[in-house]
Amino acid sequence: MDVIVRGMDERLHRKLKAEAAMRGISLSRALEQAVRAWLDSRQEKAALDENEANNIAYERMKDQLNRKYRDRYVVFGGGRFLGSADTLEQAGALARANAERKALVAKIGAKRPAGGEWLWSSLEL
Amino acid sequence: MELLRAVGCLQYGGPDPESPVLEVRAKESLLGREKTITAPIDTGFAGYLLVPRDLYAELGTMELPREDFGIYSTMAGSVTLRRAEVKISVGDKELDTFIETPLHGTGRMLLGRRILSELDLALLGRNRMCCHLRSVRKLKTT
């Protein structure tokens, strides 16, 4: 699709052109990548905000969860506790029933390996 | 002793020298989204299935609390990976496990030791094939 951009800041245009040349891509491809990154960053910010709210709600209820929901999955969405479930599938269904597209899920009392060693060979972040 | 049979083999992939890879089907339980991934196996990575950020955005719908994220020690310092519940299948083997992606950075595709230790695999290096094995029968040892 053809799009005409009028009134673009000349210095910005020059910088964009130089950067695109340096990366070996066309100006239109560079613009496309910039727009995509901008849209993705907005979506990501919204998702991060929700994650933050879910984590805060989880932290607040942790003592209560440990007492009442041992060995069960607890589900948080939209910054609130949605309920508990026996299985991961039920936990998914619970989040879905609350119109959530993403949720925080924790199995109370389950031991999660903390991490471990990551040798040099494959590290490329 | 045990007799094992190769039930699925995949040609090595990636840049020279090629790496052994496995085909993994990963499914998240919230929206039922499913992806088939070809991931290099990495015995140097202690974790689960590492995926790039964009794939994590699709499959990481049931994320663990921050306190359960994995922290990995590398030669360059520690790296924190976000973690989400998924079901994966490799050949006929199904596992409840996790996908991971870096908290910062784009990430990449890797199958780590916590999944590899659940699988029986054979590397046929000269043929550049990575095979998934299934037990045929137990053999008596004398």
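This briefing describes selected features of chains A and B in the structure above. The model is a predicted one. In chain A, the points below concern strand S1 (residues 73-77) and helix H3 (residues 88-97).

**Chain B as a whole**

- Taken along the principal axes, the C-alpha atoms of chain B fill a box of roughly 50 × 35 × 30 Å.
- Of the 142 residues in chain B, 32% are buried.
- Among the contacts in chain B with a separation of 6 or more, 62% are between residues 24 or more positions apart.

**An open sheet in chain B**

- Three strands of chain B, in the order S1-S11-S10, form an open sheet with antiparallel pairing.
- Strand S1 (2-11) and strand S10 (121-124) of chain B are at the edges and have a single partner strand each, so one side of each is left without a neighbour in the sheet.
- On average, and with direction ignored, neighbouring strands of this sheet are turned by 35° against each other.
- S1(B) runs antiparallel to strand S11 (residues 129-138) of chain B, and nine bridges join the two.
- Within this pairing, Arg5(B) has Arg134(B) in S11(B) as its bridge partner.
- In general, strands of a sheet pair through backbone hydrogen bonds, in either a parallel or an antiparallel sense.

**Leu59 of chain B**

- Leu59(B) belongs to helix H1 (residues 53-59) of chain B.
- Leu59(B) counts as buried because 24 other C-beta atoms lie within 10 Å, where 20 or more are required.
- Beyond its neighbours within four places in sequence, Leu59(B) has contacts that include Ala26(B), Glu28(B), Val51(B), Val86(B) and Ile99(B).
- Ser29(B) is 30 residues from Leu59(B) along the chain, and their C-alpha atoms are separated by 8.9 Å.

- Five of the five residues of S1(A) are buried, so the strand is largely enclosed by the rest of the structure.
- Buried residues cover both faces of S1(A), with Tyr73(A), Val75(A) and Gly77(A) on one side and Val74(A) and Phe76(A) on the other.
- In a regular strand, the side chains alternate between the two faces of the sheet.
- S1(A) is joined by four bridges to strand S3 (residues 103-107) of chain A, and the two run antiparallel; here Val74(A) stands opposite Ala106(A).
- S1(A) also pairs in the antiparallel sense with strand S2 (residues 80-85) of chain A, over five bridges, and Val75(A) stands opposite Gly83(A) in S2(A).
- Two residues lie between S1(A) and S2(A) in the hairpin that they form, and Gly78(A) in the turn has a positive phi of about 60°.

**Helix H3 of chain A**

- The buried residues in H3(A) are Ala91(A), Gly92(A), Leu94(A) and Ala95(A).
- These residues cover an arc of only 160° around the axis, so they are on the same side of H3(A).
- An α-helix has 3.6 residues a turn, so residues three or four places apart point the same way.
- The buried residues of H3(A) pack against S1, S2 and S3 of chain A, together with strand S5 (62-63) of chain B.
- Ala99(A), which follows H3(A), has a positive phi near 60°.

Technical notes. Residues are numbered from 1 along each chain as its sequence is written. Chains are lettered from A and ligands numbered from 1 in the order in which they are written. This is a predicted model: local features need pLDDT of at least 70, side-chain atom pairs count only at pLDDT 80 or more; totals for chains, interfaces and linings use all residues. Two strands pair if DSSP finds at least two bridges between them. Axes are lines fitted to C-alpha atoms, for helices over the stretch in contact, and angles run from 0 to 180 degrees between N-to-C directions. A residue is buried if 20 or more other C-beta atoms lie within 10 Å of its own, exposed if 12 or fewer, and partly exposed in between; C-beta atoms are placed from the backbone. Two residues are in contact if their C-beta atoms, placed from the backbone, lie within 7 Å. The arc is that of the directions from the helix axis to the C-beta atoms.
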